[in-house]
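Subject: Handing over the structure

Hi there,

Here is the structure I promised to pass on.

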Amino acid sequence: MPKKIGVLTGGGDTSALNATLKGIALKAEELGFELVGFMEGWKGVLKGGRYFTLTPDQIDENYGGTLLKSSRTNLIAMNKLDEAIQNLKKLDISGLIPIGGDDTLTVGTALSEQFTTVFVTKTIDNDVGINPPEGDAVDYSKMVNYFCPGFPTAASRIISAVRDLRTTAYSHDRVIVVEAMGRDAGWLTLAAAYGHADLIVVPEVPYQPDRLAEAIREKHAERGDVIVVVSEGIRNDDGELMITSRAELDAFGHTKPGGCSEIIVEAMKKRLPHISGSAFRALILGYLQRCGSPTPLDRDSAIKAGSLAVRALADGMVNGVATITRTDTGIAPTLLPLEQVLKRDATGRVIRRSLDLRFYDAERYQMSAAGAGYFRPLFGDLPRRSLPLDERDISICEIV
Ligand code: F6P
């Protein structure tokens, strides 16, 4: 009888999930494993959960989302870990590959104490892994999980949205506040520097309306149009999320962020009355950051990470994580023991990785040189921005 292994995808989807599934299915086929795909994340391994034999031909690695569908099911809160393990054993599954971010992995690490589990990370937020060791010189090769599959595509979506918005912002001298995802971490927001965001506001630094207003005032005086990119998860000095809708909690107890761009626009209109109120706009990018096809780099890394997880199960690794390492020559998937990748707090919850603040220049609301160094293998050098009108070879006359 062939060895049977299982896979599931949990949490918010990304564009690279099917690519990870493809890597898993291809390697499983090569090694003669039967692969069972559980549907809708952790829900799929509970009573009533659905599953099917997953083969490589069923999966299109260039198509976003996840063929297996996803959910934010919290087996710990439901007290259903034992039921899940019994069901996996009943189906003769000898090893499980959960693909997920911090929440899915929080459940997975609890399960891994009793069941063979190898993880592949995914999250557009890029908050699973460990930052490079402290010090002035940043050694990117020492980052645990240089990026999470799904992040490069979502970051590229933000970059092109901001780059495109620049044209209409210029035409109408608008001040556009763009809201990017990333519940607690500023990685996605920081990438907007490649779209020439004027000001970048990340959740790791408390939001200070007066300071931001002053920065907008300066940029507006320089060029006329201003694009501010803010992370949905920014907090004020009291550590409170800035949300417009009534607070909603997900299955893991997180308050769902949303709407801070609208709050900021109102606050800025009050502080900057010399700029016409109609110039201000808030724009929530929402799921446009998480949908559609993966970028080739994201897709290929995700395929490799998936394949590595199956290799680990074949080699008898009990609890590991397939991560991405940055090397001198590029990017390589690397298998690491669980405890090296996922630090947990006293309650067992996986600790999220914040944006490394060496990558951010909080004074200027901009990416720092170390940040550009982080992004270089993903997006190359920072593209040059067009000159402001008064610095171009155009002489403008005035009717008197
Ligand atoms: O964790 C990934 C993420 O995309 C966050 O950036 C965002 O806050 C959240 O998921 C949105 O969750 P939902 O899928 O429940 O709308």
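Below is what turned up, starting with the ligand.

A quick word on the ground rules: this is a predicted model, so local features need pLDDT of at least 70 and side-chain atom pairs count only at pLDDT 80 or more, while totals for chains, interfaces and linings use all residues. Residues are numbered from 1 along each chain as its sequence is written, and side-chain values use heavy atoms, with hydrogens and water left out.

The ligand sits in the largest pocket. A pocket here is an open set of points on a 1 Å grid over the protein atoms alone, where a 1.4 Å probe fits, with protein on both sides within 12 Å along at least five of seven lines. To sit in one, a molecule needs more than half of its atoms within 2 Å of the pocket's grid points.

Around the ligand you'll find R72, I124, D125, M181, G182, R183, E232, K256, Y287 and R290, where a residue counts if one of its heavy atoms lies within 4 Å of the ligand. Sorted by class, this shell holds six charged, three nonpolar and one polar residue. Asp, Glu, Lys and Arg count as charged; Ala, Val, Leu, Ile, Met, Phe, Trp, Tyr, Cys and Pro as nonpolar; and the others, Gly among them, as polar.

An oxygen atom of the ligand is 2.3 Å from a side-chain N or O atom of Y287. For E232 the distance from a ligand oxygen to such an atom is 2.5 Å, and for D125 it is 2.7 Å. On its own the ligand has 400 Å² of accessible area, and the protein covers 85% of that (Shrake-Rupley method, 1.4 Å probe).

K69 isn't a glycine, yet its phi is positive, near 60 degrees. You'll spot K69 in the loop between β3 (51–53) and α2 (81–90); helices (H or I, at least four residues) and strands (E, at least two) are DSSP runs numbered from the N terminus. D92, also not a glycine, has a positive phi of about 65 degrees and is in the loop between α2 and β4 (93–100).

Last one: is L212 buried or exposed? L212, in helix α6 (residues 209–223), is buried, at 0% relative accessible area (buried means under 20%, exposed over 50%, partly exposed in between; 1.4 Å probe, protein chains only).

Cheers

Conventions: Polar contact = N/O pair within 3.5 Å; in protein donor to acceptor, adjacent residues only side chain to side chain. 1 Å grid on protein atoms, 1.4 Å probe; cavity = no way out; pocket = protein on both sides within 12 Å on 5 of 7 lines; lining within 4 Å.
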